[in-house]
Amino acid sequence: MKIKSEGSGGSGPGNADKKVPNPAYDELLHFYEGKIAALRHARDALETAKPAMTPPTTPPANGSDRGGSQQQDNQRCRALLALELLTELIDDMTMGVVFDTHFEAKQGISVCANCSTSGSDMCECLNCQRSFPAARFASHMDKCMGLSSRRTATRR
Amino acid sequence: MLSETGGIREELLKRFIESGERERLQEIMRTKLHTSGWQDRVKDKCQKIVHENADRIEKLTVDDIAEEVTPFARSSVPEDIKAEILEDIRAFIFRALPESDN
């Protein structure tokens, strides 16, 4: 009876271990199948939304078909509104990243009014001898010296 | 109904926020985007923009960075995540404005 090998390493005829289970392969297969299902679902959802989201090609001709196109307009408004809300959510998250990056950039060029130390001058930690830019020195020392509540630091 | 879309729109946006739905969807999206690597990609792009403007960094505003990164950020969202959240939003709109004609 011939055993079918399911894509595990080595499918040549002379291979002794044809049916060795390959958990890594199975996991990857499962992951990608999930992705494919999600994309199919997404495509179907977009297909459904498409008629509502494409602009009308011909203007409504007369009063008799007012009801139908009124509903189409409503559908279109909803669809556009949904898209607008989605874009707002995306933009919100983008701005989070923008603010963080901007802050770090400005920290790098900050200079102390008193002693003129630049934000990017390096300081060496007394404990672990690692080097840090001035702007990040305080938070490292906080954790390294263990004066404020340390979470997982080990005592040396 | 069309002539009232102004008032209805505001009402709907308000309800979106007040019901907590916006926050709920934002958290779901945040996790998905982070897992997909989107946040890292956007971060890289922002840092690239900062480096490109290194000569005028003191005058670089948040708006400057935002203007340049937004098209990239929007188009970089994976399609399945977009469609998933879009569906939830459409469901919310549908619940809030049942398809009754007047």
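Visitor: Before we start, what is a salt bridge here?
Guide: A salt bridge is a side-chain nitrogen of Lys or Arg within 4 Å of a carboxyl oxygen of Asp or Glu. Keep in mind that this is a predicted model.

Visitor: Okay, how many salt bridges are there across the interface of chain A and chain B?
Guide: The rule finds six salt bridges across that interface.

Visitor: Can you show me an example? Which residue forms a salt bridge with A:Asp92?
Guide: That would be B:Arg22, with the closest N and O atoms of the pair 3.3 Å apart.

Visitor: And which elements of chain A give two or more residues to the side that touches chain B?
Guide: Those are helix H1 (23–53) and helix H2 (66–108) of chain A. H2(A) supplies the largest share, 30 residues.

Visitor: How do the residues on that side of chain A divide into nonpolar, polar and charged?
Guide: There are 20 nonpolar, nine polar and nine charged residues on the side of chain A that touches chain B.

Visitor: How many residues are in contact, counting each chain?
Guide: In chain A, 38 residues are in contact with 47 residues of chain B.

Visitor: What about the area buried between chain A and chain B?
Guide: About 4,000 Å² is buried between them, and carbon and sulfur atoms give 70% of that. On the chain A side, A:Arg78, A:Leu89 and A:Met93 supply 18% of the area that chain A buries against chain B, more than any other three residues.

Visitor: Switching to chain B: at what angle do helix H2 and helix H5 of chain B pack?
Guide: Helix H2 (residues 21–35) and helix H5 (residues 79–96) of chain B pack at about 170°, and their axes are 10 Å apart. Angles over 145 degrees count as roughly antiparallel, and H2(B) and H5(B) are therefore roughly antiparallel to each other.

Visitor: Which residues make that contact?
Guide: From H2(B) they include B:Leu25, B:Ile28 and B:Met29, and from H5(B) they include B:Ile85, B:Ile89 and B:Phe92. The residues of this contact divide into eight nonpolar, no polar and six charged.

Visitor: Last one, back on chain A. Where does A:Ser118 lie?
Guide: A:Ser118 lies in the loop between H2 and strand E1 (122–124) of chain A. A polar atom of the A:Ser118 side chain lies 3.0 Å from the backbone nitrogen of A:Ser120.

Conventions
Residues are numbered from 1 along each chain as its sequence is written. Chains are lettered from A and ligands numbered from 1 in the order in which they are written. This is a predicted model: local features need pLDDT of at least 70, side-chain atom pairs count only at pLDDT 80 or more; totals for chains, interfaces and linings use all residues. Side-chain values use heavy atoms; hydrogens and water are left out. Contact means heavy atoms within 4.5 Å. Buried area is the accessible area (1.4 Å probe) that two parts lose on being put together, summed over both. Helices (H or I, at least four residues) and strands (E, at least two) are DSSP runs, numbered from the N terminus. Ala, Val, Leu, Ile, Met, Phe, Trp, Tyr, Cys and Pro count as nonpolar, Asp, Glu, Lys and Arg as charged, and the others, Gly among them, as polar. Axes are lines fitted to C-alpha atoms, for helices over the stretch in contact, and angles run from 0 to 180 degrees between N-to-C directions. Angles under 35 degrees count as roughly parallel, over 145 as roughly antiparallel, 65 to 115 as roughly perpendicular and the rest as oblique. A polar contact is a pair of N or O atoms within 3.5 Å; within protein, one must be able to donate a hydrogen and the other to accept it, and residues adjacent in sequence count only if both atoms are side-chain atoms.
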